[in-house]
Amino acid sequence: MNKIRVMSAGAVEGPVTELAPKFTQAKGCDVELSFNTVGALKQRFSGGEKTDVIILSFPAIEALEAEARIAAGSRSDLGLATCGVAVRDGMMMPNIATVDGFKRMLNFAVSIAANDPAHGGSSGIYLADLLKRMGLYDQVSPKLKLYNTGRACALALVRGEAEIGITFTSEFIAVPGTRVVGPLPQEIAYVNGYAGAIAKDAAQNATIAPSRAFLAFLTEPQSRACFQRFGLG
């Protein structure tokens, strides 16, 4: 059986994990998946790690396009991830409909799971900057429990390691036992787009056809519906 390698940002881990075996069944091509933060994957890819397909945020894909590291014309936009708040299933849900409500949640929370900005997580980088802009970083940072991926943040809620989780809602939806409270209030909302593209090296070998087929499969109507079920617009 043919095989393609796919490096993917964690924000789309839920739908990509669900769709990969369906692609294998339909097309007879195995898919080897590797998930991590945008920053970590971009660094690995730019450093020479091989993959056939790479799925990153729009800015990261655009940067790779500018560096001529991906095949021209191979980009496929997949979905928009929204940063939000979640709790462990069964716990009381805070009211974050307004910025003041979001601030109250931060003030009263004992512990908050978030993506580690140092590991290149888009939501973690945004949250750190947001807290600084709101003048709350010094107050809230001691409560932060930082994890290398959004999935790890969600699992921390399930294990009871943190009271509140803040990352992309798609990463919470993918982990049973978490409950999404909602997106960040509109005034401080953060939405990040994700796209897939074919590595330039892959365009020069036998994996080009299955790589194109995989990206096409991810954009078919039933696949779009799967992305939407995970909160990716």
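Helices (H or I, at least four residues) and strands (E, at least two) are here DSSP runs, numbered from the N terminus. The structure is a predicted model, in which local features need pLDDT of at least 70 and side-chain atom pairs count only at pLDDT 80 or more, while totals for chains, interfaces and linings use all residues. Residues are numbered from 1 along each chain as its sequence is written, and side-chain values use heavy atoms, with hydrogens and water left out.

Within helix H5 (residues 122–133), Asp129 and Arg133 stand four residues apart, a separation of about one helical turn. The two residues form a salt bridge, with the closest N and O atoms 2.9 Å apart; the term denotes a side-chain nitrogen of Lys or Arg within 4 Å of a carboxyl oxygen of Asp or Glu. Asp129 is partly exposed at 39% relative accessibility, whereas Arg133 is exposed at 51%; buried means under 20% relative accessible area, exposed over 50%, and partly exposed in between (1.4 Å probe, protein chains only).

Across the whole structure, the search finds 13 salt bridges. One of them links the side chains of Arg229 and Glu18, at 2.6 Å from N to O. Because Arg229 belongs to helix H10 (residues 221–229) and Glu18 to helix H1 (residues 13–27), this pair ties together parts that are 211 residues apart in sequence. Arg229 is exposed, at 52% relative accessible area, while Glu18 is partly exposed at 25%.

A further salt bridge pairs Glu49 with Arg44, their closest N and O atoms lying 2.8 Å apart. Glu49 is partly exposed at 34% relative accessibility, and Arg44 is partly exposed at 27%.
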